[in-house]
Structure formats: structure tokens, C-alpha cells
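Colleague: I am new to this structure. Could you show it to me and talk me through the fold?

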Protein chains: 2
Amino acid sequence: MSGALAQGFFASRWVECPEHVTQDEGGLPGGFRAANASAGIKPGRAVDLGLLVCDAPDPVSAARFTRSGVLAPPVLITRDETDVNGLRAVVANSGNANAATGLAGMEVARLMQRATAGALGIGAASVGVASTGVIGVPLPTAGLEDGIAAAATSLHADGADAFSDAIMTTDAFHKRATLTVALPSGTVRLSAQAKGAGMIEPAFATMLCFVQTDAELAPETAELMLGVCVKRSFDRISVDGQLSTNDTVILMCSGTSGVSVAPESEDELRFGEALDALLRMLAIMIVRDGEGAKRIGRVVVRGGGQEVVERCARAVANSPLVKTALHGADPNWGRIAQAVGAALTGTAPLALDIAIEGIAVCAGGVAVAHDEDALRAAAAGMEIEYEVGLDAARVGGIESAETEVLFSDLSHEYVTINAEYTT
Amino acid sequence: MSGALAQGFFASRWVECPEHVTQDEGGLPGGFRAANASAGIKPGRAVDLGLLVCDAPDPVSAARFTRSGVLAPPVLITRDETDVNGLRAVVANSGNANAATGLAGMEVARLMQRATAGALGIGAASVGVASTGVIGVPLPTAGLEDGIAAAATSLHADGADAFSDAIMTTDAFHKRATLTVALPSGTVRLSAQAKGAGMIEPAFATMLCFVQTDAELAPETAELMLGVCVKRSFDRISVDGQLSTNDTVILMCSGTSGVSVAPESEDELRFGEALDALLRMLAIMIVRDGEGAKRIGRVVVRGGGQEVVERCARAVANSPLVKTALHGADPNWGRIAQAVGAALTGTAPLALDIAIEGIAVCAGGVAVAHDEDALRAAAAGMEIEYEVGLDAARVGGIESAETEVLFSDLSHEYVTINAEYTT
């Protein structure tokens with residue numbers, strides 16, 4: 001994995017770096033500062049609290065949250081008790097999700113919010129809260145206010161890495177980048193820090209991801225951009241098919257570059273391309289860092305209605321048989337046929353087409369002769385692409401939609417991580 | 001596992017042996033003979049073909065099949081090209097599922113059917129066909145007719161074990177039993193042979209299971225009994241959430257005991273209890289033998305409509321996070337809350353109740369104090385029970401339904417079996 005990452009941030013054939021985008025050395029765009037601290041949530045005074053602040057006078061923000069029926073208090077507080085389109089700060093912790101913690105957990109999330117507001121001299125409704133870690137255990141509060149105060153006094157413009165460190169749990173590597181984006185109206189910067197490795201199958205939002213830009217965006221533009229890009233990135237990945245209670249993505253725009261991204265402008269198009277590439281690459285990094293993951297897959301399903309292709313793609317991506325075959329570099333396409341068949345009960349006979357790395361292995365539901373050695377060699381790569389074609393007429397669609405899901409394999413290490421540790 | 005099995009067939013607290021039922025020494029009820037052979041499907045002349053014959057003049061049968069959209073030719077042939085309520089013989093093979101094999105696969109299934117009919121001197125429409133093994137590989141036919149002929153010449157009344165041997169794939173132990181059932185009208189015998197360890201989440205039928213009785217049942221009674229008992233057994237289990245392309249359950253009734261099981265009689269009730277216990281225990285044995293399984297779980301969900309409790313129970317049973325925690329004897333109920341929340345998106349806040357082995361750990365969505373040591377000790381058993389209570393009002397139901405799913409854990413061995421071998 002580190003070898004692939006050494007190639008630079010855009011180290012996947014499934015994301016292209018747009019021509020007007022360059023990766024820069026890191027850090028936050030103008031108008032932002034960040035820091036971390038230990039708040040005594042993780043054992044051994046480990047770094048477990050991150051603070052991110054926008055100093056601009058009139059910041060704009062947008063957010064997306066998990067749709068789980070079990071929403072963690074920090075999600076409820078940020079969604080319902082903040083000015084979510086004008087956040088000035090975010091306080092985030094790892095080591096404890098503050099989920100399934102009831103009214104006491106709501107008070108803990110409010111305490112984090114108030115302590116941050118107090119330390120920064122801003123209103124509590126300007127502070128978003130995010131938590132990640134174990135579910136169902138009360139978040140320890142003894143060191144919380146001191147930790148927040150300590151972070152507030154050490155905020156600095158190059159604090160992106162410190163903030164990123166503070167939100168990691170089972171992550172094996174950092175997921176962060178800073179991009180320089182050349183727009184027709186001027187140059188802006190875009191940075192993001194994400195975390196996530198397990199309990200990953202976001203629905204409309206995901207894990208934790210914080211995105212900052214010095215571009216000036218209207219709240220509606222920020223909402224639209226974030227919504228579209230999240231749908232094309234974190235919404236399209238799965239490590240283990242498990243929607244979290246705490247997924248949160250927050251985009252904050254300081255506007256300090258003086259470059260305004262107007263609706264339906266070329267600036268908006270270009271900015272959107274950059275944000276899209278950034279979030280897609282971060283999403284792929286989460287899949288790559290899927291607990292214990294070695295190889296990652298991309299399944300593309302075509303030929304049914306939107307709901308049907310979505311259901312089939314998820315069924316393939318979350319099949320433990322497909323995921324173990326991916327892990328073992330085994331091009332066992334029978335398991336893909338099985339997973340699609342299971343997702344489409346009652347539609348037999350299903351005239352499936354299946355290709356692995358562009359090699360057709362099944363056409364019209366029947367095995368087709370192919371070069372076994374070439375297939376085995378292709379299946380031994382680090383990124384494997386599966387294409388599934390459905391017979392639209394058979395699956396009740398007049399539409400012919402297409403979708404993709406990016407997914408991790410299932411390895412011994414996933415079992416070790418999740419059987420031997422309470423996460 | 002073998003320790004538990006040494007206690008006798010009904011070695012689970014989740015199935016009771018009815019008072020009028022006793023386990024006998026094995027073998028087939030009157031009117032049946034069976035045998036096995038090698039048909040050259042598995043390597044090394046391993047036993048891979050089983051033949052089961054009912055010699056009664058007017059046998060009655062019933063069957064249930066997988067609902068996968070990718071139905072294997074043997075399923076299609078048995079469902080569509082036999083007298084499914086009057087089968088006289090079943091030919092079954094392991095080592096190859098004859099699935100995703102198209103029209104050529106249909107011809108292979110018909111060849112198996114015709115060769116069996118020829119060897120036995122009966123009509124082809126009286127012969128059911130079942131296959132299990134790898135998907136998408138043509139079933140080798142060179143040794144098929146010889147294998148069937150060899151099996152036909154070695155049929156005998158104590159051939160149940162031989163037949164059972166022939167249908168095993170990744171199974172680590174046999175799943176078979178013979179019961180003596182005392183009915184008001186007389187004594188009958190009931191035997192069954194099942195296989196299954198991976199690709200297991202049946203929908204309305206399952207894996208392979210063959211059931212024989214010398215009781216006399218009308219076709220409608222056989223259909224009804226099998227349908228009800230399959231719904232309460234194989235329909236309620238999951239090893240890996242993966243519906244197969246080949247699941248088949250066939251009940252055959254020779255009637256040679258002279259004991260007739262009349263509709264709505266006390267005989268029917270008692271026979272149903274015996275069949276129910278038999279199939280539930282076989283289903284639990286399949287879960288126990290779930291590829292690499294160590295512990296098994298039973299999740300009971302109450303308090304929503306039928307569709308809601310079903311969805312939640314499946315979500316818990318198929319969550320790799322719950323399954324790895326079960327494997328690690330970790331009573332990590334936060335993962336149960338997460339899985340239920342993910343199954344019920346958009347319903348937050350969800351007032352979940354969760355108990356593990358009768359110990360309440362979450363009430364109204366909030367952690368409750370409990371004896372941690374007692375919980376850890378309880379979670380270290382071999383059969384773990386999880387109870388989930390939903391707030392019916394919150395999940396849109398006026399009903400308060402209840403369901404259960406029995407499931408395997410997720411272990412290193414599952415990954416090894418499925419990553420290192422093409423199954």
C-alpha cells in the first residue's frame with residue numbers, strides 16, 4: 001500500500017487528477033487553523049482530540065451525515081443544534097463514538113461544543129462535533145475541557161496533519177491531501193482529512209471527512225457540491241457493508257482567496273472536478289485501508305433500473321465469497337453470478353454477462369472460453385475490475401442504468417482486528 | 001463440535017426432541033435404498049455421486065428450491081421436468097454445481113436424469129437431480145453414466161450413510177439422522193441427509209437436504225409439511241449471507257409403514273413436530289459447520305412488523321462485525337446496535353433494547369449497567385443468544401412480530417477456505 005501511495009495522492013487508475021489541479025505540499029488553505037491534543041479518551045495520553053477552526057468573518061459550510069437509525073449524539077447535535085451552513089469550528093475525537101449513549105451522551109456532545117465555543121470565543125451553534133470509536137461506552141469527560149483548551153492554544157495554520165492524526169482509529173495510514181486548483185477566476189486551495197477503515201458502507205455520507213477551501217462559495221453551492229461529490233465517492237464504497245452510527249462529512253469555505261465560485265460558472269465546474277477527484281481518491285484510500293485489506297475491487301453493473309444495478313453492485317461488493325476470492329487472487333466468477341442471482345431472486349433464468357479485468361468469462365448466463373492464464377495473471381493485481389451486464393428486459397427495467405461500488409477484500413487480518421479487539 | 005455431537009443428534013438448546021420421537025441407529029425407512037459411487041467429478045476417484053431410490057409402488061414427494069435469479073440446471077430440471085410430487089429416485093452429485101452452464105448444463109442434468117431412469121427401469125420424469133460444488137465449470141460427463149450404473153447395482157437398505165457421504169463438499173462432519181416417530185396410528189421412521197457449510201442463506205429452501213419416511217402422506221400433506229418445516233429451519237439460518245444457485249430439499253414418502261398421516265389429524269401434528277425438530281437440528285448443524293465456524297449465534301428480534309424484524313435479524317446475522325465479535329467471544333453489543341441502525345435507516349432515534357444471553361446491555365437505545373464479568377463468561381459459550389427489542393411505533397409497525405436467525409461466526413478458517421480454494 002505504501003508503495004502505491006508513494007506514487008502521489010492520485011494513485012488509483014479509477015481517479016484522474018484533473019489538468020487544472022496539482023497536489024501541493026500539504027497544510028490548510030488560507031483562513032484555517034488546526035491542532036490536536038490528548039483529552040484522555042484513548043489510553044496512555046494518546047492524541048485523541050482534533051480542533052479545526054475557520055477564522056474568516058463569514059464562513060460557509062455544508063455537511064452530510066449517516067442515515068443510520070442509531071444516530072450518535074455528535075451527529076444529532078451537529079445536524080440539529082448548529083448553524084450547519086456557517087460553522088466556524090469543528091471538534092472531533094477518536095477512541096469513542098459517543099453512540100448509543102442516550103441523553104447523557106447528548107450532554108457530552110454539548111459539553112464538547114460549549115467548551116470549544118468558550119475556548120474560541122464564538123457561539124456554540126458555530127461548532128460542529130464529530131466522534132469515532134467504540135459504540136455504547138460512555139465517553140470519558142474528565143480530560144475533555146483541558147484537552148479542548150490545550151488544542152485551542154496550539155492552533156496553527158500548518159495544523160492539518162495534527163488534526164488528521166487525532167481522528168484516526170484502526171486506520172493504518174493517513175488519508176489527507178492538499179490541492180491547488182486553478183480556476184478561471186483565480187487559484188484556490190482545497191484540503192481534506194478523512195478517517196475510516198472498518199464499519200464502512202456509507203449511505204449518503206460516511207465516516208469522518210473534513211474538507212477546507214479558501215474559495216468563496218454560497219451556502220447553496222457548498223451544499224450542492226458536497227452532496228454531488230459525496231454521492232460519487234463515499235457513497236460508492238464498502239469495506240464490510242456496515243453503515244456506521246457516526247459518519248460525518250463537513251466542508252468549510254473560508255473565502256480568503258477572494259476567488260468566488262459562482263453557480264453554473266466555469267469556476268464551479270472546475271472546482272467541482274477538483275472536489276470530486278479529492279473525495280473519490282480519499283474514498284478509495286479508505287477502501288484500500290479497509291481493515292486488513294490487500295486488494296481492492298471495483299464492480300460496475302449495467303443494464304437494469306437504478307435500484308436493480310445498485311442492489312446487484314452492493315451484493316457483489318459485500319459478498320464474503322467474492323471478497324475472499326479477491327483476497328486470494330482467485331478469478332472465481334461463479335461467486336459473482338451467485339451474488340447477483342441472490343440479489344435478484346425470482347428472475348431466473350438470468351442472462352448475465354461477466355467480465356474480470358476486461359476478460360469475458362460469462363455471457364448470457366453461460367461460461368465462455370477464455371485464456372485462464374491471462375485471467376489468473378490479471379486477478380493477481382492490486383485493483384481488480386468486475387463488470388456485470390444484466391438483461392434489462394429480464395430484470396423488469398426499461399431503463400439501462402449503471403453504477404459502481406469500490407470494495408475491500410476480506411482477509412485474515414480483518415478477522416483478527418475485529419475478533420480480537422473491541423472496536 | 002464433535003464433543004457436542006457426541007451428546008446425540010439433538011445437541012442444541014434451540015431444538016427440543018419431541019417426547020414421541022427417539023433417535024435410532026440410522027439407516028433408511030422402509031421402502032428406500034441408497035448407494036454412492038465415483039463418477040469422476042471430484043479428482044482422485046473420490047465418491048461424488050449419490051443415488052436414492054424409493055421402491056414403493058406409489059411414492060409421494062415434495063420439494064423446495066432456491067429462489068436465486070441464477071438457477072442451476074439441476075434445479076430447473078427437477079422443478080420443471082419431473083413429476084415433483086411423485087419422485088421415485090434422486091441422483092445427486094458433489095464437486096460441481098452444474099450452475100451458470102447454460103443449455104449444455106441442462107443437457108448434462110437431463111443426462112443424469114435419463115441415465116438414472118435407465119439404470120432403474122423407471123421414467124425420467126420420476127428422477128430428481130441435485131448438484132453441489134463449484135459454479136461456472138462444465139460438469140465432467142465422461143464417468144457419469146458408469147458412476148450411475150455402479151451406484152444402481154449397489155443400492156441397499158442401509159445405504160443412507162453412503163448417500164450422505166456422496167453429497168459432501170466443504171462439510172467438516174455429517175449431517176444426518178434417523179428418527180423413530182410414535183404416532184397415534186402407529187410408528188413411522190424419518191431419515192434425512194443434508195449438506196452445506198458455505199454459501200448459505202437459503203430463501204424458502206436451502207443447500208441439499210433429502211428426507212425419507214415410510215409414513216403415508218397425501219401429496220398436499222407432504223407439500224404443506226415440507227413448506228412449513230423448511231420455513232422454520234433452513235430458512236432461518238445464515239453462514240455467510242450467500243443464497244446459493246442450487247439449494248434443494250426433497251421429501252420422499254414410501255408409505256410402506258402402512259401408517260397414514262391424515263390432514264388435520266393428531267398424526268399430522270406429531271409427524272410435523274418430528275419433521276420440524278429434524279430439519280431445525282439439521283439446519284443448526286449446517287450453521288455449526290459453517291465454513292470455519294467455532295461459535296454459533298441466534299438473534300431474536302421483536303417489536304416491528306414482519307418485514308422489519310426479518311430485515312434486522314438478517315442484518316445482525318450477516319454483519320461481519322457481529323460475526324467476528326461472536327468468534328472472539330466479545331460481547332460487543334455496540335455492533336448489534338450499529339447493524340440494526342443500518343437496517344433501519346432514517347428512523348433515528350431508535351429506542352433499542354439489547355440483551356446477550358439474557359443480560360440486558362442496552363435499553364431504550366442507551367447502555368445499561370450490567371455485570372461485565374458475567375457477560376464475558378456468557379459470551380464465551382458455544383451457542384450465544386442475542387435479543388433485540390424494537391420500539392414498534394418508531395419503526396412504523398402496529399404489528400409486533402418476532403423472528404429468529406441462527407448464524408455462524410466469521411473466522412480465520414472461513415477466509416482460508418474461501419481465499420485459498422476455488423469452491
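Modeller: The conversation below goes from the whole chain to one of its sheets.
Modeller: This is a predicted model, in which local features need pLDDT of at least 70, side-chain atom pairs count only at pLDDT 80 or more, and totals for chains, interfaces and linings use all residues. Residues are numbered from 1 along each chain as its sequence is written, while chains are lettered from A and ligands numbered from 1 in the order in which they are written.

Colleague: How many helices and strands does chain A have?
Modeller: Chain A has 12 helices and 19 strands, taken as DSSP runs numbered from the N terminus (helices: H or I, at least four residues; strands: E, at least two).

Colleague: And how much of chain A is buried?
Modeller: Of its 423 residues, 61% are buried, meaning that 20 or more other C-beta atoms, placed from the backbone, lie within 10 Å of the residue's own.

Colleague: What is the strand order in the open sheet?
Modeller: The 6 strands of chain A run β1-β7-β8-β9-β12-β4, with mixed pairing; two strands pair if DSSP finds at least two bridges between them.

Colleague: Which strands stand at the edges?
Modeller: They are β1 (21-23) and β4 (60-65) of chain A; each has a single partner strand, so one side of each lacks a neighbour in the sheet.

Colleague: How do β7 and β8 of chain A run?
Modeller: Strands β7 (residues 175-183) and β8 (residues 186-195) of chain A run antiparallel, joined by 9 bridges. Within this pair, A:Ala182 stands opposite A:Thr187 in β8(A).

Technical notes: A residue is buried if 20 or more other C-beta atoms lie within 10 Å of its own, exposed if 12 or fewer, and partly exposed in between; C-beta atoms are placed from the backbone.
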